[in-house]
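Hi there,

Here is the structure I promised to pass on. Have a look at it first, and then read on for what I found in it.

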Amino acid sequence: MLPQERYKKLKEYLSVENPVLLDVIDKYKTLDEIAYKVGLIEDTQTYTENISWWPMISVLGTFSAGKSTFINEYIGQGIQQSGNQAVDDKFTVICYGNSDDVVTLPGLALDADPRFPFYNISEEVNKVDPGEGSRVNSYLQLKTLSSPKVKGKILIDSPGFDADSQRDAILKITSHIVEISDLVLIFFDARHPEPGAMRDTLKHLVGSTIKHRDATKVLYILNQIDTTAKQDNLEDVMGSWQRALSQEGLVSGDFYGIYSEKSAEQIEDEALKERLKSKKDADLAKILDRMEKVSIERAYRIVKALDDFAKDIKEEQLPLLKDELEKWRGKIVISDIVILALLAGAGVFAHLKYGIGDDLNVAIAGGVGALVVWLASHIKLSSFFAKRASAKYASTNEELSRAILKNTTFMRSLFGIGKRWYTKTISKIDTLIGESKETIQKLNDQFVSPSGAIKPERGE
């Protein structure tokens, strides 16, 4: 899908879901044009592909932690298999569909469709686990159904997690999910109160998420707390898990305890039963509230992503590009001086030794020949220095590597880099960043009114 087609489809979607964000598409288009002109992206690419425009909730966790049961009860339909054993080894993307029945599609449906957050995930998998990208159907599947609970959002159920036995492909997809989701629910099983034995799993699920720049979007959930009723030790079990999480660096954050009433164990002590239920009801209400408001968080993240992309270009990519171009130009100037000096020296030697150049025609021919040699050397060396500078970033910064090659043109090799392109680009980005702040203010106007004024209802 070309950028223009993607802009059009996104506008059609946002005109229904969140009209306030419509002008954000034009801002992304402007950012794409800036990045393309600089050389950071190709004309078939767009920054709108790097984020999810649909609100995303991902459910991660250990084996038999009740993830699928939670999803089934949330949707109100048995869309996912559940049980005490590992029943599904794939990441399942659940979204709204026109059929009342559950429709299951292979992972290729996600990998090949730019509207979904797993577009081209096979390429990313291949980078960490060569050859596994071709087996994308073994890792992903798409399920659709006509349920109001998933209308306007995407829900992701993960396979049971065990970092000790997990392939690199699974770890890569997990990290990708955490990065792009608006809300991450990480489930642990209260029936296994020895979290110390799961150190590697905790390190990946918890250690990686707390370092995320938006760690508040991660909720840690101890599920099946009804099993603690036998010993009446809920506080001890939750304390044990919280200490284990703190050992991985989690010193704050939202930690909840819930269970499924449909599959709960029989509790004879009514006071204990009521205490557990009260805890579950309160925590579950908070979790569901975050899930229902995920579209609000997604709207802010879309604008924040625009700001982040723009600042990355301004503060990271452009200074590096400018520095590399100046180094490239400096090397060419030195090379030109050396080559011209050698040619001049050769000319003087030929004249003194053999008298070449006494004849005007011979002198002109020699001068033209020297110019051709210099120009050929100049072109050859400028290409060599450009490719070497580009190769330095090929594996770590593909965008910058591409930009270096695009900007090391023949004209710049002759007449220099100039500062106007840099300051002009910075100015455009600053304008874009300022406009993104205005969009944030428009979003705020939907929810806040510092003056206390009552906003009129639509149509009044």
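Helix α8 covers residues 234-247, and its 14 residues reach 20 Å from the first C-alpha to the last, close to the 20 Å expected at 1.5 Å a residue. Please keep in mind that this is a predicted model. The buried residues of α8 are L234, V237, M238, G239, S240, W241, A244 and L245. As a reminder, an α-helix has 3.6 residues a turn, so residues three or four places apart point the same way.

Now for the whole chain. The protein chain holds 14 helices and 8 strands, and 45% of its 460 residues are buried. Among contacts with a separation of 6 or more, 80% are between residues 24 or more positions apart. The accessible surface comes to about 23,900 Å², with 54% of that belonging to carbon and sulfur atoms.

How many of its residues are buried? The count is 6 of 6, and both faces are covered: V218, Y220 and L222 lie on one side, with L219, I221 and N223 on the other. β7 has parallel partners in β6 (residues 183-189), through 6 bridges, and in β8 (residues 254-257), through 4 bridges. To find your way between the strands, note that F188 stands opposite L222 of β7, while L219 has D254 of β8 as its bridge partner.

N223 belongs to β7, which spans residues 218-223. Its relative accessibility is 5%, and because that is under the 20% cut-off, N223 counts as buried. Leaving aside neighbours within four places in sequence, N223 is in contact with A65, G66, F187, F188, D189, A190, I258 and Y259. A65 is 158 residues away from N223 in sequence, yet the two C-alpha atoms are 6.3 Å apart in space.

The other residue I would point you to is S158, in the loop between β5 (154-157) and α6 (168-180). Is S158 buried or exposed? S158 is buried, since its relative accessible area of 7% is under 20%. What does its side chain reach at 2.9 Å? That is the backbone oxygen of V59. Not counting residues up to four places away in sequence, S158 touches V59, L60, G61, K67, K90 and F91.

Best wishes

Definitions and conventions:
Residues are numbered from 1 along each chain as its sequence is written. This is a predicted model: local features need pLDDT of at least 70, side-chain atom pairs count only at pLDDT 80 or more; totals for chains, interfaces and linings use all residues. Side-chain values use heavy atoms; hydrogens and water are left out. Helices (H or I, at least four residues) and strands (E, at least two) are DSSP runs, numbered from the N terminus. Buried means under 20% relative accessible area, exposed over 50%, partly exposed in between (1.4 Å probe, protein chains only). Contact means heavy atoms within 4.5 Å. A polar contact is a pair of N or O atoms within 3.5 Å; within protein, one must be able to donate a hydrogen and the other to accept it, and residues adjacent in sequence count only if both atoms are side-chain atoms. Accessible areas come from the Shrake-Rupley method with a 1.4 Å probe; for residues, only the protein chains shown count as cover. The expected span of a helix is 1.5 Å times one less than its number of residues. Two strands pair if DSSP finds at least two bridges between them.
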